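Try each task on your own, then follow the solution step by step.

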Amino acid sequence: MMIVMRDGASEQEIQGVIDKLHAIGAEAHLSRGEFKTVIGAIGDREKISEIPLAALPGVEKVIPIMKPYKLVSREFHPESTLVKVGPVEIGGDYFTVIAGPCAVENEEQVIASAKAAKKMGASILRGGAFKPRSSPYSFQGLGEEGLRLLARARDITGLPVVTEVVDVRHVVVVANHVDVLQIGARNMQNFLLLREVGMQQKPVLLKRGMSSTVEELLMAAEYIVQGGNTNVILCERGIRTFETATRNTLDLSSVPIVKNLSHLPIIVDPSHATGKREVITALARGALAVGADGVMVEIHPDPKAALCDGPQSLDFEQFGEMMEELKTMAPPLGRIV
Ligand code: PEP
Ligand code: MN
């Protein structure tokens with residue numbers, strides 16, 4: 001249920017509604033827009049409907065939300081959410097580029113990647129320290145040492161860092177080292193992990209599960225926001241289809257669909273979507289064209305020697321070319337790269 005307050009409703013009136021909800025054990029989530037304040041009521045539907053909400057002072061209207069996600073819905077928060085990552089703002093006019101290696105392999109590799117990312121105009125560094133690999137025999141990442149190297153790369157370049165967290169036991173240590181917690185495709189429905197990152201202050205990059213619908217993605221985001229962490233960035237990273245020409249199939253249509261359904265920013269990861277470096281730039285352009293808030297791409301100083309995802313990693317020169325194309329394309333679309 002959503003309670004829309006009148007323009008200029010007083011603090012006392014807003015608090016009055018919140019108190020009524022709390023009195024029956026319901027949660028009240030407050031969203032203050034430029035003009036309107038909306039209160040999301042979450043709890044026992046029947047008990048909530050027994051409160052004469054529409055008649056309370058300051059209330060303009062009461063709208064039931066029938067969707068299985070509420071706090072992340074556009075109805076609840078009509079204005080787009082801007083997620084702040086250090087000096088970077090995701091969800092506004094800027095098309096944010098996140099770049100870095102699939103996995104942190106050693107100091108030299110991650111620092112070279114961070115410097116190249118910075119030089120070419122990326123605003124966030126990525127790099128996996130705990131890698132969720134399909135085979136237990138593949139490189140599993142450097143773990144905590146990888147986190148320290150990422151923090152060092154941030155100190156040198158000033159770029160904020162995103163890395164994946166795969167286990168509830170690692171959430172605090174990962175949050176202590178990096179700026180954004182990534183939930184990978186394989187963990188999109190790991191509800192305990194979602195709840196755990198929902199209790200953190202650090203922004204969360206939530207990747208779409210490879211067999212998940214847009215609605216399931218938004219329900220997963222709801223778990224995080226419900227815990228109090230409203231700083232969620234969604235990521236389309238391709239889904240499994242019958243097509244074998246690419247590793248997954250990039251579902252670019254999810255971007256405008258999500259934009260209609262939710263106020264959260266959404267970025268695109270063409271690297272994991274396709275597994276093919278030769279199509280990354282074209283799809284990054286596509287992401288910009290369909291209104292995504294940014295892209296995340298894998299880069300490596302020597303992709304042939306990468307311990308993970310070399311075939312989809314751009315070398316620094318290719319990454320520079322991609323950035324140039326995006327910079328040329330962005331202004332007529334009203335975006336800044
Ligand atoms: C990643 O971004 O490092 C990753 C493993 O991607 P995904 O979870 O989308 O497969
Ligand atoms: Mn990868």
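The domain assignment divides the protein chain into domain 1 (2–63) and domain 2 (83–333); such bounds come from an automatic or database domain assignment. Taken over C-alpha atoms, the centres of domain 1 and domain 2 are separated by 36 Å.

Before starting, note that this is a predicted model, in which local features need pLDDT of at least 70 and side-chain atom pairs count only at pLDDT 80 or more, while totals for chains, interfaces and linings use all residues. Residues are numbered from 1 along each chain as its sequence is written, chains are lettered from A and ligands numbered from 1 in the order in which they are written, and side-chain values use heavy atoms, with hydrogens and water left out.

**Exercise 1. Work out the strand order of the open sheet that has 4 strands, and find its edge strands.**

Step 1. Helices (H or I, at least four residues) and strands (E, at least two) are DSSP runs, numbered from the N terminus. Two strands pair if DSSP finds at least two bridges between them.

Step 2. Reading across the open sheet gives the order β2-β3-β1-β4, with antiparallel pairing. The edges are β2 (27–32) and β4 (59–63), each of which pairs on one side only. On average, and ignoring direction, neighbouring strands of this sheet are turned by 20° against each other.

Step 3. Now look at one pair: β1 (residues 2–5) and β4 run antiparallel over 4 bridges. Here Val-4 stands opposite Lys-61 in β4.

Step 4. Helix α1 (residues 11–23) packs on the sheet, touching β1, β2, β3 (37–42) and β4, and its direction makes about 155° with that of β2. Contact means heavy atoms within 4.5 Å; axes are lines fitted to C-alpha atoms, for helices over the stretch in contact, and angles run from 0 to 180 degrees between N-to-C directions.

**Exercise 2. Find the residues with the most contacts inside the largest nonpolar core.**

Step 1. A nonpolar core is a set of buried Ala, Val, Leu, Ile, Met, Phe, Trp, Tyr and Cys residues joined through side-chain atoms within 4.5 Å. Buried means under 20% relative accessible area, exposed over 50%, and partly exposed in between (1.4 Å probe, protein chains only).

Step 2. The largest core has 75 residues, and those with the most contacts inside it are Val-97, Leu-206, Leu-234, Val-295, Phe-319 and Met-322. Helix α7 gives the most to this core, with 7 residues. Both domain 1 (2–63) and domain 2 (83–333) supply at least three residues to this core.

Step 3. A second, separate core of 16 residues includes Ile-3, Val-17, Leu-21 and Leu-56.

**Exercise 3. Is Arg-208 buried or exposed, and which side chain does it join through a polar contact?**

Step 1. Locate Arg-208 in the loop between β11 (204–207) and α7 (214–226).

Step 2. Arg-208 counts as buried because its relative accessibility is 4%.

Step 3. The side chains of Arg-208 and Glu-236 are joined by a polar contact of 2.7 Å. A polar contact is a pair of N or O atoms within 3.5 Å; within protein, one must be able to donate a hydrogen and the other to accept it, and residues adjacent in sequence count only if both atoms are side-chain atoms.

Step 4. Compare Arg-186, in the loop between β10 and α6 (191–198). Arg-186 counts as partly exposed because its relative accessibility is 42%. The C-alpha atoms of Arg-186 and Arg-208, 22 residues apart along the chain, are 8.6 Å apart.

**Exercise 4. Where does Ser-113 lie, and which backbone oxygen lies 2.8 Å from a polar atom of its side chain?**

Step 1. Ser-113 belongs to helix α3 (residues 107–120).

Step 2. With 0% relative accessibility, Ser-113 counts as buried.

Step 3. The backbone oxygen is that of Gln-109.

Step 4. Leaving out residues up to four places away in sequence, Ser-113 touches Pro-101, Ile-299, His-300, Pro-301 and Phe-316.
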